[in-house]
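Subject: Structure handover

Hello,

I am passing this structure on to you. Please open it alongside this email and read the notes with the residues in view.

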Amino acid sequence: MKLASIQHGRDGQLVVVNKALTKMVSAQDIAPTLQFALDNWTEVEGKLAYLAQQLESGDIAGSNFDQNACASPLPRAYQWADGSAYVNHVELVRKARGAEMPESFWTDPLMYQGGSDSFLGPREDIKMPTDDGFGIDFEAEVAVITGDVPMGVSADDALNYVRLVMIVNDVSLRGLIPNELGKGFGFFQSKPSSAFSPIAVTPNELGDAWQAGKLHLPLVSHFNGSKFGEPHAGIDMTFHFGQLIAHAARTRPLETGTIIGSGTVSNKLDGGPGKPVAQGGVGYSCIAEIRMIETIEHGKPSTPFMKFGDSVSIEMFDADGKSIFGQIAQTVRQSN
């Protein structure tokens with residue numbers, strides 16, 4: 001089942017979308033918003049699935065689906081907690097700012113609590129007051145939306161609470177991160193609004209690609225129209241989503257509608273850092289990683305962070321080459 005939120009008010013209007021992402025049907029008679037559906041999942045899941053079946057079979061004609069009209073599936077959420085499941089990424093980025101990585105990062109997930117009151121739409125501009133010194137970067141990730149998760153849940157049981165899967169651009173301001181982390185209180189200004197894919201899908205929609213809490217498909221990013229990365233989301237993921245959810249719920253319950261992110265998808269190559277797509281590698285899911293590789297190889301980075309007018313797109317395709325979640329496509333613009 002594929003769900004989307006068409007832009008409307010603060011929380012959007014819930015629609016069911018067909019597999020080809022060409023048709024949609026309103027779910028208003030079942031659930032006006034995705035958060036309402038999640039709050040009443042036991043009662044509405046079957047009804048939404050039946051609506052999806054009718055749309056797919058042609059029993060309901062539906063209307064044309066336009067990804068440009070979408071908000072993020074949850075335009076705002078009760079909680080957005082982003083992990084760093086791909087420890088290769090953490091290691092590289094920390095090296096880039098001269099910070100050592102504790103060994104515990106390989107056994108205990110790293111996670112921060114991001115802002116969840118103002119998610120960007122998947123086709124909405126990334127607006128910043130300046131592109132000088134901010135170090136504007138994209139981060140291509142996978143994310144899940146949970147139901148009510150009890151405190152102290154085990155990693156295995158936590159997977160039972162995954163309701164929906166999405167992809168995300170977790171925008172980062174690399175130039176602001178070192179000073180913020182240096183204060184010892186974590187990210188805030190350096191993590192502006194994120195954007196999620198037009199579509200959120202139920203895990204069963206992913207078939208064999210969803211296994212053991214990991215999404216086993218490449219995540220494809222383009223930067224200014226050129227392929228920047230296609231790392232495999234199921235490879236080099238040190239912590240699966242069950243472990244990330246259990247980590248977040250260790251000392252608190254998680255409310256329905258909590259979003260948990262994987263962190264930047266990142267693959268190693270022959271035990272070391274990856275290579276750019278142009279050099280036969282799978283590339284990267286953020287600019288910071290390629291800058292670190294450039295520093296290792298040449299002593300300094302040569303790829304600049306994003307400037308006004310730069311664009312990024314993020315998408316994931318199934319085994320038949322069909323888009324699963326739709327496309328995140330954003331351009332950096334100066335705020336008014």
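Predicted model: local features only at pLDDT ≥ 70, side-chain atom pairs only at ≥ 80, totals over all residues.

Residues are numbered from 1 along each chain as its sequence is written, and side-chain values use heavy atoms, with hydrogens and water left out.

Cores

A nonpolar core here is a set of buried Ala, Val, Leu, Ile, Met, Phe, Trp, Tyr and Cys residues joined through side-chain atoms within 4.5 Å. Buried means under 20% relative accessible area, exposed means over 50%, and partly exposed is in between (1.4 Å probe, protein chains only). The largest nonpolar core has 70 residues, and the members that touch the most others are Phe-65, Val-165, Leu-215, Met-316 and Phe-325. Helix 6 (residues 241-248) contributes the most to this core, with 5 residues. A second, separate core has 29 residues, including Leu-34, Leu-51, Tyr-112 and Phe-196.

Contact means heavy atoms within 4.5 Å. Leaving aside residues up to four places away in sequence, Phe-65 touches Ala-4, Ile-6, Val-17, Leu-21, Thr-22, Lys-23, Met-24, Cys-70 and Ile-199.

Helix 6

Helices (H or I, at least four residues) and strands (E, at least two) are DSSP runs, numbered from the N terminus. Helix 6 is largely enclosed by the rest of the structure, because 6 of its 8 residues are buried. Those buried residues are Phe-241, Gly-242, Leu-244, Ile-245, Ala-246 and Ala-248. They pack against strand 7 (111-114), strand 10 (140-146), helix 4 (155-158), strand 11, strand 15 and strand 19 (258-261).

Cavity

A cavity is a set of points, on a 1 Å grid over the protein atoms alone, where a 1.4 Å probe fits but cannot get out; lining residues have an atom within 4 Å of a point. Grid points are joined across faces, edges and corners, and a volume is the space filled by probe spheres set on the points. The structure holds 1 cavity of 30 Å³ or more. The volume of the largest cavity is about 30 Å³. Its lining consists of Asp-11, Thr-33, Leu-34, Gln-35, Leu-74, Pro-75 and Arg-76. By class, that lining has 3 nonpolar, 2 polar and 2 charged residues. For this count, Ala, Val, Leu, Ile, Met, Phe, Trp, Tyr, Cys and Pro are nonpolar, Asp, Glu, Lys and Arg are charged, and the others, Gly among them, are polar.

Salt bridges

A salt bridge is a side-chain nitrogen of Lys or Arg within 4 Å of a carboxyl oxygen of Asp or Glu. The whole structure contains 8 of them.

Asp-11 and Arg-76, both named in the cavity lining, form one, with their closest N and O atoms 2.7 Å apart. Asp-11 is in the loop between strand 1 (2-6) and strand 2 (13-17), and Arg-76 is in the loop between strand 5 (70-71) and strand 6 (79-83), so the pair ties together parts that are 65 residues apart in sequence. Asp-11 is partly exposed, at 27% relative accessible area, and Arg-76 is partly exposed at 36%.

Lys-191 and Asp-170 form another (3.0 Å, N to O). Lys-191 is in the loop between helix 5 (177-182) and strand 13 (195-196), and Asp-170 is in the loop between strand 11 (162-169) and strand 12 (172-173), so this pair ties together parts that are 21 residues apart in sequence. Lys-191 is buried at 12% relative accessibility, and Asp-170 is buried at 0%. A network of salt bridges links Asp-137, Glu-139, Asp-170, Arg-174 and Lys-191.

Backbone details

Leu-21, one of the residues that Phe-65 touches, has a positive phi near 60° without being a glycine. Leu-21 is in the loop between strand 2 and strand 3 (23-26) and is buried, at 8% relative accessible area. Ala-212 also has a positive phi, of about 50°. Ala-212 is in the loop between strand 15 (210-211) and strand 16 (214-215) and is exposed, at 60%.

Regards

Conventions: 1 Å grid on protein atoms, 1.4 Å probe; cavity = no way out; pocket = protein on both sides within 12 Å on 5 of 7 lines; lining within 4 Å.
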